[in-house]
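Welcome! Work through these exercises with the model in view, and try each task before you read its solution.

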Amino acid sequence: RASAGMKAIEELSPILGLELTATPQVERGGKTQAFKNVIYHYPLSKAMEDGFVKEPAVATRENFDPRSYREEKLERLKLEDGIRLHENTKVELEVYARDNGKPPVKPFMLVVAKDTAHADALLKQIEDKSFFEGRYKGKVIVVHSNLKGEEKDETVEQLMSVEKADNPTEIVIHVNMLKEGWDVTNLYTIVPLRAANSKTLVEQSIGRGLRLPYGKRTGVGAVDRLTIVAHDKFQEIVDYANSPESIIHGGFKAVYVGNERAKAVIVEPEFFYRINENKSAKAVLDVIRLEFERLPQSADLAKPEIQKQIVKKVEEIIAPKQGELEGIVPKVEWPEIVADTVTLYQAFSIDIPRITIQPVENVERGFKEFKLDLSQVHYPPVEHEILIHELRKRERHRLWGANGVFPEERPEDYLVKELMSFNDINYDEHAKVLYALAGQAVKHLRSYLKNEDEVLNVLQYHQHPLAELIHSQMQEHFEEKALAYEAHVTKGFQTLRSANYSATEGEEKRDIHAPVTDKKNIKQMLFAGFKKCLYRVQKFDSDPERRFAVLLENDQDALKWFRPAKGDLRIYYSGEESYEPDFIIEAQTAKYLCEIKRASEMKDKVVEAKARAAVQWCRHASDYALKNGGKSWSYLLIPDDAVAGNKTLKALAAMYEYVSSASY
């Protein structure tokens, strides 16, 4: 809104001007005045609700009392805890990128200083050896108005490239300089050290940090979260976030900082360890992965003609360099190495086909009929005079007819007309559903009102909120499916990938058989001591999952198992939402996908959607496997309270095999 910009726009003689702004207000006399000509408003709270920005959080320590700390001691603690959060975020981002084949994100921490002298003092403190052993020396930049010449240019260049992997900057200290024109997606931790009220802290702090690095939320808390370290303002921020005047209307999560530091743990499949010392065997494995996973099953790798092809491919790739004299380099017995590598590959893997399911006919999309929940609807009739007054005030209806409202042909029309105004409803496609739902609402009104006049009265006056209630419930009953699907198997089996975990630094591997007392923190634990697992280390989300792993280790029917990572199966249950069950198991005569779920969640809609998708995957995998001499697949959905040491895999499979009637 600067005068020069306005003048340039006026020279264009515009007919209409539309402004896109995050700040639809002006400051006059110290007071904020909202624009009066806003035609569309999409607030930050709605963007948070729709998942287009990070989830803001505020961090403190459990049972923390800031009054027990002097200002400089509190400041130091906030900086240290900010670093702890920052380092843990680095690990979570690395693990997510590895698991999902995404480009890595390099996070940074923003420190808000009081003034330029304070900023320079913070720089000295953070780069000192007493601050985390001087680990951040050369990784901090200071941005304030006192910077001049080359120093300013260099700092600005570092600031503009802070998202790049080759930029060493991990901490940015600023003094109220970072306003317009600096858009980043990798800001994850903010440490405000400048005195401010909760409103200012929230609104100024989160403005730069809410953008998502991958363009959408990932479902991983640490990857989707922006954290403000505010020990001394914790409760004020939480209270403000939940107040009516807040720009986010709640949504602030609480994060409690501990002294633990996270680390990334990369675990290779067992057969990687078995061949790791042999470069020739690793070359064979690479050839199998690149060239031979198209075979129907890994058993085909043992066929003499296939092994000859593998030998030929390996020799082409690792042929002696030109100029090398025969006899200087030891001769490699490739047929023997290929045979040994294939034997290990088959012993320490499970054949999992890569299945792509595609629609082969038109896709049907639309709302399905369901039973409305109208238990809270008890609108009384309204006097006509009040009715007319309210309609004019709302400016939503034409004031025609004897009672001030244009009469509809039948009662349901009042609601159907309103429902047709929603952008996601097409009357031609949904007319039958709309009238069925409107009919339910009219029937409900007739159940408690005295006569038809009162029913029409309520419909005329309350048609808009009634339609909004119906529309909100319709969102849970939108379906999208093709009339027919076709499954394509692009790989008969897949080489297992490395597993990527985050764990508390210093966490030692625990014996899988030893009971866990601290069950609430089991997600941070690493377990080992397996005989049948295809990885030496595994993590679990709950103790019932750990106990199920022990059951598999002891079960005579179970041959081998592991916990899949994201992308191992690519089972899609809702658009682009993929699902990996808790366990993949190969038994003597069958294979299983298995999910251990809390008993109270067995009928959850998302759980059932995942189960239906997994059943379809198993059907296609079974069809393919049985045609090629393999084992059938089944999906087991097991309640956590059914997992016990005296149960067998066969017994659980007989009781909890999930059967879906849905067809794909």
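Buried means under 20% relative accessible area, exposed means over 50%, and partly exposed lies in between (1.4 Å probe, protein chains only). This is a predicted model, in which local features need pLDDT of at least 70, side-chain atom pairs count only at pLDDT 80 or more, and totals for chains, interfaces and linings use all residues. Residues are numbered from 1 along each chain as its sequence is written, and side-chain values use heavy atoms, with hydrogens and water left out.

**Exercise 1. Get an overview of the chain.**

Task: find how many helices and strands the protein chain has, and what share of its residues is buried.

Solution. Start with the elements: helices (H or I, at least four residues) and strands (E, at least two) are DSSP runs, numbered from the N terminus. The protein chain has 18 helices and 23 strands. Next, look at burial: of its 664 residues, 46% are buried. Last, turn to contacts, meaning heavy atoms within 4.5 Å. Among contacts between residues at least 6 apart in sequence, 71% join residues at least 24 apart.

**Exercise 2. Classify two aromatic pairs.**

Task: decide how the rings of F132 and Y136 are arranged, then do likewise for F271 and Y345.

Solution. First, recall the rule: rings of Phe, Tyr and Trp (its six-membered ring) pair if their centres lie within 6.5 Å; planes under 30 degrees apart count as stacked, over 60 as edge-to-face and the rest as tilted. A search of the whole structure gives 16 aromatic pairs. For F132 and Y136, the ring centres are 6.4 Å apart and the planes stand at 90°, so this pair is edge-to-face. F132 is buried at a relative accessible area of 19%, and Y136 is buried at 1%.

Now take F271 and Y345: their ring centres are 5.5 Å apart and their planes are at 35°, so this pair is tilted. The pair links distant parts of the chain, with F271 in helix α8 (residues 270–275) and Y345 in helix α11 (residues 334–347), 74 residues apart. Both F271 and Y345 are buried.

**Exercise 3. Find a cluster and the charges over rings.**

Task: which residues form one aromatic cluster, and which residue has its charged end over the ring of F583?

Solution. The cluster is made of F527, F530, F540, F548, W561 and F583. For the second part, a charge sits over a ring if NZ of Lys or CZ of Arg is within 6 Å of the ring centre and within 35 degrees of the ring normal. The charged end of R563 is over the ring of F583, 5.4 Å from its centre. Elsewhere, K54 lies over the face of Y188, at 4.4 Å from the ring centre.

**Exercise 4. Compare the sides of helix α10.**

Task: which residues of α10 are buried, and where do they lie around the axis?

Solution. Begin with the length: α10 (residues 304–317) has 14 residues and reaches 20 Å from its first C-alpha to its last, close to the 20 Å expected at 1.5 Å a residue. That expected span is 1.5 Å times one less than the number of residues. The buried residues of α10 are I306, Q307, I310, V311 and V314. They cover an arc of only 140° around the axis, which puts them on the same side of α10; the arc is that of the directions from the helix axis to the C-beta atoms. An α-helix has 3.6 residues a turn, so residues three or four places apart point the same way. On the other side of α10, K308 and K312 are exposed. The cover over the buried residues includes α9 (279–292) and α11.
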